[in-house]
Amino acid sequence: MIYQNLLLTKMLDFLNYNQQMLLTLIVTGIACSLLGCFLVLNKLSMLTDALSHSILLGIVLAYFVTKNLNSPFLLIGASVFGVFTVYAIGLLSKTRLVKNDDAVGIIFPLFFSLAVILISTFARNVHLDTDIVLMGQVIMIPLNTMTVFGVELPKALFYMLIILLINLIFVVVFIKELKISSFDPEFATLAGFSSGLLFYGLMTLTSFTAVAAFDAVGAILVIALFVGPAASAYMLTKSLKKMLLVSIIFSILNSISGFYLAIAFNVSISGMIAVTTGFTTFMTVLLNRQGIITAIYLRHKNRKEFRLDLLIMHLGNHEDQEDAEFELGFATIKDHLYWDQETTERRLNRLIDQGFVHRNHERKIYCLTEKGRLRYDMIKVDYGV
Amino acid sequence: MKVLLNKDEKALRVKEGNMSENIIVKVEDLTMAYHDKPVLWDNDVSIIANSRTAIIGPNGAGKSTLLKGILGLQKTLSGTVEIMGKSVKQIYKKIAYIPQSNSVNWDFPTTALDVVLMGRYVHLGWIKRPRKKDIEIAKNALHKMGMQDYAKRQISQLSGGQKQRVFIARAIAQNAEIYFMDEPLAGVDKNTEKVIIDFLKDSQKQGKTSIVIHHDLNTLADYFDHLVILNKRIIAQGKMSETLTQANLDAADMGGGFKINA
């Protein structure tokens, strides 16, 4: 035990301040993206926004009770308040007087501004700064340490490791239940899996994670960490397990690249990570299988291929017929396709290069090769002729 | 419409005598509301065991609401529901619900086989993982729907008919006694329609009961043997031959473009 602690201490000593910060960011990112996948799948991304802001009121209220910013009760109190926010939003939208989106937009600015007013009136001399609230204080992570089992490590890192462990256990144990209730909530309810229970379980952990991450990375980055990697992974994967994995990979890449870019340009670390997260998500939008650039590329490619298919069809249809000399003649084929000489030859040459077509010099026409015949038959099946 | 129907007034009414048949789903005094606007008024419904029962009604008649009310998926204002003499909560393993296929997120990252496997979750309960046997059952269910080649396909890449078959395969995997289906034939190809109807007839031979919301009056009498006509209230219910009459359709505001050859 002592030996192990020594080893761990050595390891943490070995990590310099920068690496301690980065490690904390990565751990936070993974903890967030694990839950983020289910938030995205349940279309609850905006609820994260509400949650991450209104927990500030929870933190302030819990601080008034505990009078201690380092108390673990602060964490628990604020998390409970986060769940209460979700419940309040649900309650307000259930009255059917306002829509769910509107309820989110009413509740969280109310709670957030209440918190800001309370801080500026009663807690001016306390380290609860409204700037820090939004952007966090990554730079302070290594300075605020605690000793666990004789090992000195950043407090934020310790908390986030615990949260990561809890989230991981939750997702691994309940992956089947989470899957069925996000895919088909009514079926889940009928099958005996209470969607309400899972929803509030997910929300409690989201709240917990947001509160714990809040101190280090702030209210805005925490939203990016929840939603960005999960949304990217959603576009790229076709199974839930892969989605979880890919979102973790995205999260790690975003943290590392954002961290070093921030240091290089001497800007806010959490701000830069939010930027890299936005950037990778945007690139995924453009480049995924159904993405915008991919769609343009495929359309262009299809159009090209379609022209070549058309040519093969034309050759195949007329080859054995009496009018082949006119339809397929070296000089006359272009007139039957209504293409200009240059385009026709370019396309025919391409097919000759690919081995589908050859020049029949005896009859002075273009003919299909054996490979071309096979392709002709395939095209007929493909297009259903 | 080739079915000849007896227009005799006496035969129009569902006689108490018919009710002596074995009732598997018994709904009494069911009233349901949406935003305080009643959708279903004080309805009594009896579904006969081992029947293929269709529910028809005009748009907004409360067909889906009725199914959801029976299954406890939507709040009821009044009324009781008994299925095989028990409450839904007690008997849920024997009930398979096939929702309208647009009611779920088809972009969900999962495969056809995975969706079918969800039918097994009902028997697994919390936390337990599907075993080899469950995967085998799910594969067989896909096979029965002619979907074995699509097992690993992501669900967003399936056609409308294939999605519906996956849903029915999920119900098969669940091995339920009663199937509740919400417009399973909406927007599916002819081939899938035949597969689904064959499945319903097959299930009947195995002693199972199906309750299906249907929208095509032309095929009604061929596909089903019992009928519930609904327009906020139950207009008529009973055997197809006795219930599918012009008078009943007119009473449900459904007679408009449709005439029964008498």
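This is a predicted model: local features need pLDDT of at least 70, side-chain atom pairs count only at pLDDT 80 or more; totals for chains, interfaces and linings use all residues.
Between them the chain passes through helix α7 (residues 190–205) of chain B, in a β-α-β crossover that is right-handed. B:Ser210 is also the bridge partner, in β7(B), of B:Arg52; here strand β3 (residues 52–56) of chain B is joined to β7(B) by four bridges, again with the strands parallel.

Strand β7 (residues 209–213) of chain B is largely enclosed by the rest of the structure, because five of its five residues are buried. B:Thr209, B:Ile211 and B:Ile213 point one way from the strand, whereas B:Ser210 and B:Val212 point the other way, and burial extends to all of them.

These strands belong to an open sheet of six, arranged in chain B in the order β5-β6-β7-β3-β8-β9 with mixed pairing. At the edges stand β5 (95–98) and β9 (233–239) of chain B, each of which has a single partner strand, so that one side of each is left without a neighbour in the sheet. From one strand to the next, the twist averages 15°. Strand β8 (residues 226–231) of chain B pairs with β9(B) in the antiparallel sense over six bridges, and within β9(B) the residue B:Lys239 is the bridge partner of B:His226. Helix α6 (residues 160–174) of chain B lies across β5 and β6 (178–182) of that chain, running at about 175° to β5(B).

Contact between the two chains involves 20 residues of chain A and 21 residues of chain B. On the side of chain A that touches chain B, α8 (175–183), α9 (185–190) and α11 (240–265) each supply at least two residues, and the residues of this side divide into ten nonpolar, four polar and six charged.

Of these helices, α8(A) is mostly covered, with eight of its nine residues buried; the buried residues are A:Lys176, A:Glu177, A:Leu178, A:Lys179, A:Ile180, A:Ser181, A:Ser182 and A:Phe183. Their cover includes α2 (17–41), α9, α10 (195–236) and α11 of chain A, together with α4 (112–124) of chain B.

The largest nonpolar core has 165 residues, and those with the most contacts inside it are A:Met160, A:Val222, B:Ala112, B:Val116 and B:Ala169. Helix α10(A) gives the most to this core, contributing 24 residues. When neighbours within four places in sequence are left aside, A:Met160 is in contact with A:Thr24, A:Val27, A:Thr28, A:Ala31, A:Ala212 and A:Ala213. Another core, of twelve residues, lies apart from the largest one and has among its members A:Leu311, A:Leu315, A:Tyr366 and A:Leu368.

From C-alpha to C-alpha, A:His300 and A:Asp335 are 25 Å apart in space, with a separation of 35 residues in sequence.

Key
Residues are numbered from 1 along each chain as its sequence is written. Chains are lettered from A and ligands numbered from 1 in the order in which they are written. Two residues are in contact if their C-beta atoms, placed from the backbone, lie within 7 Å. Ala, Val, Leu, Ile, Met, Phe, Trp, Tyr, Cys and Pro count as nonpolar, Asp, Glu, Lys and Arg as charged, and the others, Gly among them, as polar. Two strands pair if DSSP finds at least two bridges between them. Axes are lines fitted to C-alpha atoms, for helices over the stretch in contact, and angles run from 0 to 180 degrees between N-to-C directions. A residue is buried if 20 or more other C-beta atoms lie within 10 Å of its own, exposed if 12 or fewer, and partly exposed in between; C-beta atoms are placed from the backbone. A nonpolar core is a set of buried Ala, Val, Leu, Ile, Met, Phe, Trp, Tyr and Cys residues joined through C-beta atoms within 7 Å. A crossover is right-handed if, with the strands pointing away from the viewer, the path from the first strand over the helix to the second runs clockwise.
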